[in-house]
Amino acid sequence: MIKTITQYPTQTGFDFGGTVRHFDDTLDTLIKDIKDTIEANDIEGLSAFQIGSPLNVIVIKYEGQYLEFINPSIFVKEGEIHPTESTAYYPNLTAITSRAKYIKVVYEDSNGVQQFFTAEDDLAVLIQRKNDYLMGSTFISRLSTEEKKIFEKKLQGVSSDAMSCTLSPFSDKILTAIKYSLLLGAIALPLILKQSFIPSLQMFETYLMWMIIGLISIYFVRAMYEGKRCGVCQLGNVAAMTLIKSLHLGVLYAINTWLLF
Amino acid sequence: MARLIIMGGGVSGHTTATFAKKWLGEEHEVVVVTPNSQWNWIPSNIWVGVGQMSKKDVVFPLAPVYAKAGIDYRQAKAVSIHPNGKEGSDESYIIIESTKEGTQGQTEELTYDYLVNATGPKLNFDATEGLGNGKGELGNNTVSVCTADHAVHANIELKQLFEKARKAKQDGTGERQKILVGTGHGMCTCQGAAFEYIFNIEHEAKKAGVRDMIDIKWISNEAFLGDFGMGGLHMKVGGYAVSSKLFAESLYAERNVDWIIGAHTSKVEAGKIEYELLDGTMHEETFDFAMLIPPFAGVGLKGYDKDGSDISDTLFAPNGFMKVDAKYDAGAYENWKASDWPETYQNPTFDNIFAAGIAFAPPHLISKPMSSPNGTPINPTPPRTGMPAGIIGKAVAHSVCDMIKKGKENAHLHKASMADMGAACVASAGKGIFDGTAAAMTVYPVVPDFEKYPGTGRDTDYTFGEIGLAGHWIKHILHHMFIYKAKLKPGWTLIPE
């Protein structure tokens with residue numbers, strides 16, 4: 001059955017990289033679906049992830065023949081090349097990546113028998129690209145910093161909606177700071193066991209909690225401002241995240257009140 | 001009065017002994033038999049191995065701690081278990097051999113009502129030609145960070161190598177030094193310790209200003225980077241899902257650390273190893289400094305019946321680890337289930353014997369089994385150290401205490417299956433208050449449950465990872481917290497395993 005190929009901006013979920021354990025009809029059907037989809041779209045290969053399956057399966061069409069890789073793992077990488085790549089996930093876009101020139105793959109065939117495969121140049125690049133999907137990634141993780149910036153600009157042209165729905169890294173950093181501050185507040189609590197530390201600990205926890213309140217406020221204001229471009233969905237996320245962090249702070253406050261103040 | 005003997009005083013044995021004594025009080029006897037006079041917080045050995053901590057920072061004497069707790073401490077190694085007693089006596093007993101100065105080599109019989117095997121592993125250096133010295137100890141060709149003394153030695157060798165690199169840089173000879181870190185056998189576990197050590201070396205080389213004169217290479221039995229003996233994991237990083245494969249590959253590339261994976265180190269010589277890859281091809285790699293983790297095996301305990309006949313195969317699996325309530329006949333990989341993993345760690349033949357930590361025999365691997373066309377198995381074996389070892393130790397203590405207090409018939413056996421247990425791991429990638437980094441990861445469950453979580457086998461809501469300075473601080477705080485806990489200082493029970 002021809003399946004729809006996942007395309008940007010659909011984000012990778014958590015369901016990828018699942019090891020194939022049963023070499024049965026379900027696997028045969030999956031491989032057939034991948035082949036049908038390759039034929040229908042006239043492309044060189046697909047990983048199962050690209051048609052919505054979490055399993056570690058890659059099918060490559062090479063010189064008219066299909067190569068099926070179940071649970072592949074690239075265990076030898078030699079040499080370095082910088083090909084210009086394109087992929088069905090980012091239609092009509094290309095980027096210069098960094099890839100191994102020569103690879104050795106250990107995998108299983110559709111009967112579950114361990115096999116080895118050696119590839120060079122274009123075929124090696126293709127397998128590496130499809131293998132990235134099994135890690136929940138795309139070739140974007142194989143770009144240099146400069147090339148990544150260029151590619152991200154190209155992506156903005158593809159879907160301005162999608163890009164606008166992503167909060168800036170600064171907002172994420174504030175969330176990370178809140179997370180670690182809360183963690184620090186909790187980790188410091190065992191110091192209560194030493195009587196002489198208690199006054200310092202009280203002061204530390206007080207300042208820390210005020211700082212977290214400040215960080216949550218900054219996050220809320222900034223993320224709401226950024227999220228306005230996306231609409232209700234993103235604003236809802238920001239509000240929920242603010243509520244969650246406030247609840248975490250509430251728990252820390254309750255513990256501090258119980259133990260320290 | 002019942003007597004509980006715990007063989008081993010590492011993370012698992014110490015946890016079992018201290019909690020059992022706390023719960024049993026003075027009414028019952030708790031005995032610890034361990035060949036070591038000092039307790040070692042092993043995760044920090046990697047910092048000793050790069051000179052960022054001294055040996056005394058990671059060890060403390062056991063005798064005063066056990067004296068304070070009221071635990072009978074015997075500095076000795078257990079030699080054999082006699083669960084049915086001997087001729088003329090039905091009392092179960094073990095034979096121990098003193099390792100204490102002055103009484104070294106003297107043997108003694110210790111009877112028990114309950115026995116916990118928490119001996120940890122034998123560091124099986126001799127499994128690889130040239131890795132050991134032929135007497136079961138570390139050979140001269142490589143270093144190790146498995147014990148505090150090994151780590152002290154590793155640091156001396158590492159500093160000498162840095163000095164050579166510095167001199168070559170000053171003299172402009174261009175002579176580069178080569179460091180190789182990883183696993184010394186196709187069936188090793190504990191990739192995490194080697195992972196931490198290689199990145200700490202890289203960090204220290206940078207600090208010493210000699211990084212540009214040193215090539216650093218990783219060698220491992222993992223089929224992919226980031227397997228860690230757990231078949232890899234998915235992590236939520238910054239709200240996105242990242243595979244540990246990609247996470248590790250990015251880290252190695254970023255730190256300019258080259259790698260060899262899918263490798264079984266078959267021979268070690270001075271400055272050179274031979275290894276077999278998954279495809280059966282043989283290769284060589286040279287080095288100026290190498291730290292290769294040995295495979296683990298059981299400590300060599302024997303089991304004897306009342307008539308003196310050898311019943312070791314009843315008590316132990318072929319690898320020397322103790323049989324517990326696991327399913328050892330699960331068969332091929334596709335048949336493996338989470339329920340194969342032990343829950344109570346009770347020996348199936350003798351209900352008063354338990355195993356905890358590394359000492360229990362796992363039913364099978366966690367990672368997908370692989371072997372070369374020559375038949376050489378090349379895959380990581382399951383990790384059972386750190387947090388799981390502590391949790392298992394505490395559950396076993398609970399079970400034994402219930403059995404002693406309520407009787408075997410009424411006791412509730414406490415469960416701590418690794419297939420229903422999360423674990424947190426903080427892997428250091430460089431020590432420093434302001435420039436340190438560590439990868440903090442949580443995974444649930446440790447053993448994938450493909451029935452409960454189809455696809456990856458893990459609950460991604462409880463699996464996350466992050467690398468950065470905060471991770472290093474956590475690692476450092478954990479160092480102090482766990483040593484505090486192990487010293488049984490006030491409030492030690494509040495600190496989780």
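Modeller: Chain A has 7 helices and 7 strands, and in this predicted model its elements follow one another from the N terminus as α-β-β-β-β-β-β-β-α-α-α-α-α-α. The radius of gyration of chain A is 24 Å, well over the 18 Å given by the globule rule for 261 residues, so chain A is more spread out than a compact globule. Its C-alpha atoms fill a box of roughly 75 × 40 × 40 Å along the principal axes, and 32% of its 261 residues count as buried. Of the contacts in chain A with a separation of 6 or more, 64% are between residues 24 or more positions apart.

Chain B, where the part you ask about lies, comes to 10 helices and 24 strands. Its radius of gyration is 23 Å, close to the 23 Å of the globule rule for 497 residues, so chain B is as compact as a globular protein of that length. The box filled by the C-alpha atoms of chain B is roughly 75 × 55 × 45 Å, again along the principal axes, while buried residues make up 54% of the chain. Among its contacts between residues at least 6 apart in sequence, 67% join residues at least 24 apart.

Where the two chains meet, the contact takes 27 residues from chain A and 31 residues from chain B. On the side of chain A, the elements that give two or more residues are strand E3 (65–78), strand E6 (102–108), strand E7 (114–120) and helix H5 (169–188), and of these E3(A) gives the most, with 4 residues. By class, that side of chain A has 11 nonpolar, 12 polar and 4 charged residues.

Now to the packing itself. In soluble globular proteins, nonpolar side chains tend to be buried together. The largest nonpolar core here has 183 residues, of which B:Val116, B:Ala356 and B:Val400 touch the most other members, and helix H9 (residues 387–406) of chain B gives the most to this core, with 10 residues. Leaving aside residues up to four places away in sequence, B:Ala356 touches B:Ser12, B:Gly13, B:Thr16, B:Val116, B:Ala118, B:Tyr345, B:Ile392, B:Gly393 and B:Val396. Apart from this core lies another, of 11 residues, among them A:Leu167, A:Tyr219, A:Ala223 and A:Val238.

H9(B) also packs against helix H1 (residues 11–24) of chain B: their axes come within 8 Å and cross at roughly 35°, and the crossing is right-handed. In this contact, residues of H1(B) including B:Ser12, B:Gly13, B:Thr16 and B:Phe19 meet residues of H9(B) including B:Ile392, B:Gly393, B:Val396 and B:Val400. The residues of the contact divide into 12 nonpolar, 6 polar and 1 charged.

For another setting in chain B, consider B:Ile95, which lies in strand E6 (residues 93–98) of that chain. B:Ile95 is partly exposed, with 17 other C-beta atoms within 10 Å. Its C-alpha atom is separated by 5.6 Å from that of B:Glu108, 13 residues apart along the chain. Not counting residues up to four places away in sequence, B:Ile95 touches B:Val79, B:Ser80, B:Thr107 and B:Glu109.

Definitions and conventions: Residues numbered from 1 in each chain as written. Chains lettered and ligands numbered in written order. Predicted model: local features only at pLDDT ≥ 70, side-chain atom pairs only at ≥ 80, totals over all residues. Contact = placed C-beta atoms within 7 Å. Nonpolar A, V, L, I, M, F, W, Y, C, P; charged D, E, K, R; others polar. Core = buried A, V, L, I, M, F, W, Y, C linked by C-beta atoms within 7 Å. Buried ≥ 20, exposed ≤ 12 C-beta atoms within 10 Å, placed from the backbone. Rg over C-alpha atoms; globule rule 2.2 N^0.38 Å. Axes fitted to C-alpha atoms, helices over the stretch in contact; angles between N-to-C directions. Left-handed = near helix turned anticlockwise from the far one by under 90°.
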